[in-house]
Amino acid sequence: MKHTIEEMISTQEIDEKLDLLAEQINAHYANSERLLMVGLLKGSVVFMADLCRRIKGHVEIDFMSVSSYGNAMTSTREVKILKDVQSDIQGRDVLIVEDLIDSGNTLNKIREMLLLRDPKSLALCTLLDKPERREIEVPVDFIGFTIPDEFIVGYGIDYAEQYRNLPYIAKVIPQE
Ligand SMILES: O=P(O)(O)OC[C@H]1O[C@H](OP(=O)(O)OP(=O)(O)O)[C@H](O)[C@@H]1O
Ligand code: HPA
Ligand SMILES: [Mg+2]
């Protein structure tokens, strides 16, 4: 599809928001002994890398790979687990780190799956939230930016695998 992109959230705004998010997360887990941050590949990689370096104390990171969008702009609503976490999460404080919540299908599925493994606690953090698009309610504990219903790219987030390397967040504008 022919399109252009337009900057929506600058690198500096992202940096400042990450400082705030990290402050909230550090306060929330001040008494936690072994926090496990679980990122969802691939979209959360850039956010995870920047966020985990701001978290204090004993922190471990792990990743899961799920996919629901392929190269399209709309969800198939089917969430496939392509790679599971390597860590045993039973009795652990687990923080899921996600780049974007749109319909809520991805996070809802992951949350249900991880809860069955009996973690000590399970919380959700997303950099971007698009509440207008929600199909399933998911409880989110830490939210960076609440954004309108636009297709987003950059800072780890793709359109047909492109733009993950942008250091800022942009919206995609379709063209004739
Ligand atoms: O709330 P939802 O409607 O489920 O959509 C959000 C999910 O969709 C995107 O991932 P995608 O499946 O495209 O994989 P990717 O992270 O590898 O780009 C995004 O990174 C979120 O994980
Ligand atoms: O806005 C988006 N951009 C990229 N991938 C996505 N997956 C769900 N929503 C989006
Ligand atoms: Mg994607």
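A: Helices (H or I, at least four residues) and strands (E, at least two) are DSSP runs, numbered from the N terminus, and the expected span of a helix is 1.5 Å times one less than its number of residues. This is a predicted model, in which local features need pLDDT of at least 70 and side-chain atom pairs count only at pLDDT 80 or more, while totals for chains, interfaces and linings use all residues. Residues are numbered from 1 along each chain as its sequence is written, and chains are lettered from A and ligands numbered from 1 in the order in which they are written.

Helix H1 covers residues 11-28, and its 18 residues reach 26 Å from the first C-alpha to the last, close to the 26 Å expected. Within H1, Ile14, Leu21 and Ile25 are buried, a residue being buried if 20 or more other C-beta atoms, placed from the backbone, lie within 10 Å of its own, exposed if 12 or fewer, and partly exposed in between. Seen down the axis of H1, these buried residues fall within an arc of 40°, so they line one face of the helix; the arc is that of the directions from the helix axis to the C-beta atoms. An α-helix has 3.6 residues a turn, so residues three or four places apart point the same way. The other side of H1 holds exposed residues, namely Gln12, Asp15, Glu16, Asp19, Leu20, Glu23 and Ala27.

The buried residues of H1 pack against strand S1 (3-9), helix H2 (45-52), strand S5 (93-101), strand S6 (121-129), strand S7 (142-146) and strand S9 (169-174), where a contact means that the C-beta atoms of two residues, placed from the backbone, lie within 7 Å. S5, S6 and S7 belong to an open sheet of 6 strands in the order S4-S3-S2-S5-S6-S7, with mixed pairing; two strands pair if DSSP finds at least two bridges between them. Strand S4 (80-83) and S7 stand at the edges with a single partner strand each, so one side of each is left without a neighbour in the sheet. H1 lies across S5, S6 and S7, and runs at about 160° to S7. Helix H3 (residues 105-115) also packs on the sheet, touching S2, S3, S5 and S6, and its direction makes about 170° with that of S5. For these angles, axes are lines fitted to C-alpha atoms, for helices over the stretch in contact, and the values run from 0 to 180 degrees between N-to-C directions.
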